Amino acid sequence: MSTVVDDAASAEFHAFFERHHAELARLAHLLTGEPDAADDLAADALLALWHRWDRVRAAEHPVAYARGVVANLARTRIRSAIRERRRVALFWSGRQERTDGPDVPAVVDVQDALRELPFRKRACVVLRHAFDLSEKDTALALGISVGTVKSQTSKGLAELERRLGHEQLNGQTPRRVRAVGAALDATEGGRR
């Protein structure tokens, strides 16, 4: 009889995987800015979900739970990358080979600007505008309050506008963030 329960849970998880893998990979891509790591992070998140599938399937919002796992894994990956960059910078800081100033492009890509945002602001902006989640669903996914979502989204959009040049955007930042999400959908074969 336990085989029936295991088979049912396995089939249920497989259906969840098929429905949400592409979305979770897209979320990972937008949060980390690393397209190559997106599938790996989504797979790691789904593996973690499988190990806790009884808890996940009993949750009120399993997809929000999954998004939270992806967000946490992305945060860990970003922190690790930052630590690595600091180690490399310390190593190279002793060298005398420095340039007077980097050649800064006139137009900053939205993805580059997103990568520069602190994680929580980036996650709120991405979930609200690229994924069109409500404030409540975003709060559930990140494990924060709705007020924090509102605040971080507003501050994140303002920071993006500042980084991208407010006069060029004319209030179009949310649309540009959605466009980045749509472009990722298109490059991933339209899977969602």
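Student: What makes H7 and H8 roughly perpendicular to each other?

Tutor: H7 and H8 pack at an angle of about 100°, and their axes lie 8 Å apart. That makes H7 roughly perpendicular to H8, because the class runs from 65 to 115 degrees (under 35 is roughly parallel, over 145 roughly antiparallel, and the rest oblique). Axes here are lines fitted to C-alpha atoms, for helices over the stretch in contact, with angles from 0 to 180 degrees between N-to-C directions. This is a predicted model, in which local features need pLDDT of at least 70 and side-chain atom pairs count only at pLDDT 80 or more, while totals for chains, interfaces and linings use all residues. Residues are numbered from 1 along each chain as its sequence is written, and side-chain values use heavy atoms, with hydrogens and water left out.

Student: How do you know which residues of H7 and H8 meet?

Tutor: A contact means heavy atoms within 4.5 Å. On that basis Glu-135, Lys-136, Thr-138 and Ala-139 of H7 meet Val-146, Val-149 and Lys-150 of H8. By class, these residues divide into 3 nonpolar, 1 polar and 3 charged. For the classes, Ala, Val, Leu, Ile, Met, Phe, Trp, Tyr, Cys and Pro are nonpolar, Asp, Glu, Lys and Arg are charged, and the others, Gly among them, are polar.

Student: Why is Thr-153 called buried?

Tutor: Thr-153 sits in helix H8 and has 7% relative accessibility, so it counts as buried. The cut-offs are under 20% relative accessible area for buried, over 50% for exposed, and partly exposed in between (1.4 Å probe, protein chains only). Pro-174, found in helix H10 (residues 173-187), has 18% and also counts as buried. Pro-174 touches His-129 and Leu-157, leaving out residues up to four places away in sequence.

Student: Which class does Asp-39 belong to, and how do you know?

Tutor: Asp-39, in helix H2, has 37% relative accessibility, so it is partly exposed. Its contacts, not counting residues up to four places away in sequence, are His-21 and Ala-25.

Student: What makes Asp-132 exposed, and what is its phi?

Tutor: Asp-132 has a relative accessible area of 54%, so it counts as exposed. Asp-132 is found in the loop between H6 and H7, and its phi is near 55°, a positive value in a residue other than glycine. Most residues other than glycine have a negative phi.

Student: What makes a group of residues a nonpolar core, and how many does the largest one have?

Tutor: A nonpolar core is a set of buried Ala, Val, Leu, Ile, Met, Phe, Trp, Tyr and Cys residues joined through side-chain atoms within 4.5 Å. The largest one has 46 residues, and Leu-31, Leu-49, Val-126, Phe-131 and Leu-160 have the most contacts inside it. Its largest share, 9 residues, comes from H1. Leu-49 touches residues including Phe-13, Phe-16 and Val-56.

Student: How do you know how many helices and strands the chain has?

Tutor: Helices are DSSP runs (H or I) of at least four residues and strands (E) of at least two, numbered from the N terminus. By that count there are 10 helices and 0 strands. Buried residues make up 40% of the 192 residues in the chain.
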